[in-house]
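Here is a short briefing to read alongside the structure. Have the model open as you go through the points.

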Amino acid sequence: MADLSVNFAGIRAPNPFWVASGPPSNTAYQTHRAFEAGWGGLIWKTIGTPIVNVSSRYSALDIGGQRMVGFNNIELISDRSPEVNFQEIAEVKKRWPNHAVISSLMCESREQWHEFVRRSEDAGADGIELNYGCPHGMCERGMGSAVGQQPLVAERITRWVMEVAKIPVIVKLTPNITDITAAARAAKRAGANAISLINTINSITNVNLDTFASEPSVRGMSSHGGYCGPAVKPIALNMVQSCAADPEVRMPISGIGGISSWRDAAEFMAFGAGTVQVCTAIMHHGFRIVDDMIEGLNSYLDEKKMRSVDDLCGRAVANVTTWEKLDLNFRQVARINHDTCIGCNLCYIACEDGAHQCIDLLNPDSLGLDLGPGRVPHKHVPKVREDDCVGCNLCTLVCPVDRCITMVEVPTGKPPMTWVEYQAKVASGEMKPLPPHH
Amino acid sequence: MEARVEANRCLYCFDAPCIHACPTGIDVPAFIRKIAGGNEIGAAKTILEANILGASCARICPTKVLCEGACVLHDRDEKPIEIGRLQRHATDFVNDRGIHVLKPPEKKNGKRVAVVGSGPAGLGCAAELAQLGYQVTIFEKSKLPGGLNTYGIAYYKLKPQLSLNEAELVKDLGVEIRCGVEVGRDISGEELQRDFHAVFLGLGLGDGNRLGIDGENLPECLDALDFIEQIHTEPLHEIPVGHQVVVIGGGNTAIDAATQSVRLGAKQVTMVYRRGESQMSAYPFEFEKAKHDSVHFLFDSMPISVIDIDGHVVGIRLARTRMTADGKLVMIPGSEFTHDCDMILKAVGQEKQAEIMRGIFPKIAVGPDGVITRDQLSGATNIPNIFVGGDCANGGREVVNAVGEGKKAAHGIHTFLAGERASLPIQPSRLGVDGSASGCGLHNPIRAHELEAHWKANRSAKNSGAHHG
């Protein structure tokens with residue numbers, strides 16, 4: 001059994017699975033349930049000057065019958081008083097001394113930041129997360145993403161916090177920014193102990209085509225919301241990796257964004273996340289999902305002979321580089337296994353209409369395939385023209401059968417050559433420009 | 001919602017096998033995708049453009065051996081898409097709301113075609129011709145249009161009203177249906193040829209075959225199709241049904257007669273078939289249905305005579321049969337036995353219409369099997385402007401085959417009258433595939449169950465490494 005316990009920027013927890021700041025972390029009651037289910041930590045729903053929420057707050061993107069592939073909200077920070085929130089944090093810490101309880105804060109002035117940092121510490125919080133990310137409502141009042149989108153402002157406010165904080169401080173970053181590393185560097189310069197990302201992305205999920213109101217509809221009107229859920233994972237991974245790879249950042253990262261399984265979590269960890277935070281998946285299925293996340297990560301670490309999360313952390317970061325450093329002489333082609341092919345021809349039509357026209361539909365007899373795959377005898381079967389295949393992967397992506405189409409490396413006999421090297425060689429006359437589809 | 005969930009399981013294959021398996025060539029993936037996106041009207045249009053009887057076929061098609069039998073999900077060890085039910089969902093959607101998805105063409109081409117028979121073949125042909133701009137008149141000898149679909153399908157599968165609605169759809173396309181007009185009696189073949197540019201014959205099959213045994217004419221010894229027709233035309237509680245019913249035959253009509261008898265209150269229903277279980281022409285799932293209804297089966301048995309008291313059936317004399325070395329079925333001497341019953345339903349096939357055909361068109365060529373000789377692709381007969389399709393040409397197959405043959409013949413007629421090669425429409429999900437429409441279900445429908453053994457052999461050969469990709 002691997003050791004799942006973590007020490008994240010000085011915050012200890014029994015495991016790296018933390019409940020993100022949001023509706024599931026609103027109260028002591030929910031926190032008890034979360035910890036009972038097995039979550040290792042929790043970031044309290046953001047505490048600030050109490051707000052008033054609208055009714056009708058969430059909406060979702062469903063795809064192909066799958067619910068909540070993407071999720072959107074216009075709910076604000078906690079609508080409960082700071083007194084109640086800090087009191088409940090104290091209560092929770094008394095009952096769960098070994099679990100990480102982090103207060104999330106959003107304040108309006110240096111004085112208020114100082115006050116809320118102290119009150120967090122007095123309540124026994126293990127750390128503080130600064131909410132610079134909320135993209136709706138709060139930003140209109142100069143908070144949330146209005147801060148996170150201006151690295152200098154974020155840096156100044158973080159400095160205010162660091163002036164008084166005795167417990168670790170995590171800066172939560174908004175993705176609604178051109179260069180996420182600029183925000184991460186600001187946090188670093190201000191002396192923060194860690195960063196967490198990503199907060200939600202500006203979004204409108206859909207328009208009701210009968211009423212022309214977008215959702216969530218508040219008496220026929222809506223507002224730009226914050227997008228999250230499984231659909232945002234690739235965006236989050238991109239940003240987490242960017243921060244992890246940036247030598248000017250080099251600080252613990254708590255990964256957030258579309259995580260709903262141990263596999264998602266492990267991917268964030270491979271890109272440098274020391275802990276992960278989950279919200280939408282809990283809103284969809286409840287706290288119980290953590291059971292599988294713990295077991296799954298444990299098995300994976302055991303299988304890979306890794307003893308702890310630290311052994312996994314950052315393992316994939318260096319395998320992402322800039323495009324210009326990729327090998328232009330690497331070549332792969334698609335190969336279809338006609339024994340497992342079911343004859344749907346999705347690879348054919350995708351390549352034909354959507355990519356590079358290098359799959360033919362041929363009579364199975366001519367390929368020595370007898371009746372051919374699928375259930376219509378002699379129906380034409382897809383076959384890759386390997387000489388023309390550019391190796392784009394599209395056919396493998398659309399194929400509904402696991403491992404039916406594989407990408408096979410074709411040795412070119414040429415040494416690796418990057419774009420940079422290629423440019424140099426062409427400039428020096430050492431080689432001629434390559435024709436298309438080389 | 002259920003339909004949408006099911007529709008979303010569809011892989012949306014290109015040149016999909018289900019299209020190849022549909023004798024009317026419905027673009028199945030296209031209509032299912034439309035259902036998935038909430039476009040039921042578009043889905044119904046895709047279905048009805050290809051098959052005007054889409055609503056009844058959704059109920060009575062043997063989908064397990066046609067479209068669903070061909071579904072690629074079988075090979076992913078998953079349940080095939082419930083294509084029949086989805087088709088029913090889409091066609092019911094427009095039917096329930098009175099939405100007309102097909103419109104007659106704005107311009108008629110001035111040519112007239114007579115269609116003899118308003119069954120599935122006749123309606124299929126008429127609908128296609130009407131959409132191509134022809135003025136079509138259907139002649140139907142019965143009081144109501146629809147043929148087998150109106151009179152001859154088990155009630156729980158298809159209610160006659162639905163079949164009548166489909167005839168209305170055809171009328172909405174501008175087709176005239178003249179019921180109660182029998183060609184050969186009320187109007188002659190010559191008149192048809194004189195008044196119309198072309199004639200389509202979709203007469204179906206004739207009366208039920210006779211057993212040729214003593215007592216066959218007793219009042220409780222009925223033709224199974226007549227029995228089923230009563231269900232469509234009489235109040236259910238007034239239809240006489242025996243306590244102990246014997247059904248003679250091993251086909252799908254025999255199963256319909258047996259299961260209907262159970263539903264009408266028969267205490268015991270026994271099917272008597274002269275060959276074994278594996279030789280039954282009924283589909284396996286129909287056979288299962290009968291077993292679920294507690295129908296008894298007497299295989300390898302044949303009727304000898306009907307036993308009566310005072311002119312009423314009280315039993316049937318049966319004998320065991322066996323197959324001789326040269327494949328002939330013979331009675332085993334001394335194996336006779338008596339089975340009590342008070343009603344006998346005969347389902348041993350229907351007569352071919354050869355004589356009627358010859359009566360109408362004396363020169364028409366009829367094959368030795370009693371069906372009209374025709375070109376498979378166009379339905380053309382030996383008489384240039386006469387075309388044929390459906391049971392009277394194929395000897396008796398599915399309703400959907402009849403619709404498909406009617407449709408093919410419509411294009412045969414169009415090619416003939418337009419004087420140029422008119423090709424069948426190509427489904428969007430097959431656009432650009434080599435062989436165009438000739439490879440689709442319409443011209444060469446596959447039948448999944450007939451290929452099962454073939455696949456098994458193929459798969460085992462694959463597994464033993466005989467074939468490599």
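I51(A) sits in the loop between β4 (41–43) and β5 (58–63) of chain A, with helices (H or I, at least four residues) and strands (E, at least two) taken as DSSP runs numbered from the N terminus. This is a predicted model, in which local features need pLDDT of at least 70, side-chain atom pairs count only at pLDDT 80 or more, and totals for chains, interfaces and linings use all residues. Residues are numbered from 1 along each chain as its sequence is written, while chains are lettered from A and ligands numbered from 1 in the order in which they are written.

**Around I51(A)**
- Leaving aside residues up to four places away in sequence, I51(A) touches L76(A), I77(A) and D79(A); contact means C-beta atoms, placed from the backbone, within 7 Å.
- Between I51(A) and F330(A) there are 56 Å from C-alpha to C-alpha, and the two are 279 residues apart in sequence.

**Chain A as a whole**
- Chain A has 14 helices and 18 strands.
- Its C-alpha atoms fill a box of roughly 80 × 55 × 50 Å along the principal axes.
- Of the 438 residues in chain A, 48% are buried.
- Among chain A contacts between residues at least 6 apart in sequence, 71% join residues at least 24 apart.

**Where the chains meet**
- Chain A brings 26 residues to the contact and chain B brings 25 residues.
- On the side of chain A that touches chain B, helix α12 (residues 346–354) of chain A gives the most, with three residues.

Definitions and conventions. Contact = placed C-beta atoms within 7 Å. Buried ≥ 20, exposed ≤ 12 C-beta atoms within 10 Å, placed from the backbone.
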